[in-house]
Amino acid sequence: HLHTIFFLTSTSYFHQPTNQTARILTKGEFQPEMQQQQQPQQSQQASLANQPQMRPTPLFGGHFSMHLPTTYYDLSQFRQIPDHQEVRADTVKDHSVIVELVEENDGVPEDALLSFHWRKLCQVNQCDNDKEQQVMQIVDDSKIPTSNLKVDYKACCIGMQRIAKARETAKNTVLVFLTVLKLKKYATEVLISMNLPIEVDIHSSTWYNGRETSMTKEEQEYWFKVYTGMLDSFDLRDASIFG
């Protein structure tokens, strides 16, 4: 059966956006309709024992940089990625990190900006049904490290979404860390998300690949620490990208 989850996707999960609006849920409202299925006995305990090796990784042609695990590869080598996105995926696990540069949303108040981008992500992933997404926690600003980059606003949330991989109907539960950074000087918002499948449907290709089938609370907390380390290393190296 699918294990109980505690708590914004491998990029292979991405679909085209819809016009529907997602509603942010409270923890108690999240009740995914999942079939009772037998899973192989697998664990991610090794990820706790073996911390990933990190290396500085140039993004957007070297204009930005961020420390990422050495096992992450540039997905643009295998599929077309929009110019305003950088996508890195793990060579073994079905994990990914997406960095996106978007035009500043002047019409969205800052206290609603994180919710706005979460809803947009739900639309992209076609999981804006009330039973298929939720924000579990808003992270305190003091716990969002950005020591290498001067930002005018920052916000981060931990949530989960029920997402089907491209061309598949089976939906997996994906733990999503989403951070929004506003750079007013450049009229730009930076979105940095990390995506970790924590419940895998038996009919998903991820299942057959023998990848993650569950993730404990401790493992989720561990990966959030890895994620905040990435945020802290994020740096603007060359502002000429903004013209």
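Colleague: Which residue is the bridge partner of D74 in β4?

Modeller: That partner is R88. Before we go on, this is a predicted model, where local features need pLDDT of at least 70, side-chain atom pairs count only at pLDDT 80 or more, and totals for chains, interfaces and linings use all residues. Residues are numbered from 1 along each chain as its sequence is written, and side-chain values use heavy atoms, leaving out hydrogens and water.

Colleague: How do you know that β3 and β4 pair?

Modeller: Strands are DSSP runs of E with at least two residues, and helices are runs of H or I with at least four, numbered from the N terminus. Two strands pair if DSSP finds at least two bridges between them. β3 and β4 (residues 85-90) have 3 bridges, in the antiparallel sense, so they pair.

Colleague: What is the strand order in the open sheet?

Modeller: Its 7 strands run β3-β4-β5-β9-β8-β7-β6, with antiparallel pairing.

Colleague: Why is one side of β3 and of β6 left without a neighbour in the sheet?

Modeller: β3 (72-74) and β6 (133-139) each have a single partner strand, so they stand at the edges.

Colleague: Why is Q126 called partly exposed?

Modeller: Buried means under 20% relative accessible area, exposed over 50%, and partly exposed in between (1.4 Å probe, protein chains only). Q126 has 37% relative accessibility, so it counts as partly exposed. Q126 sits in the loop between α2 and β6.

Colleague: And what makes A187 partly exposed?

Modeller: Its relative accessibility is 36%, so A187 falls in that in-between class too. A187 is in the loop between β8 and β9, and its phi is near 50°, a positive value in a residue other than glycine.
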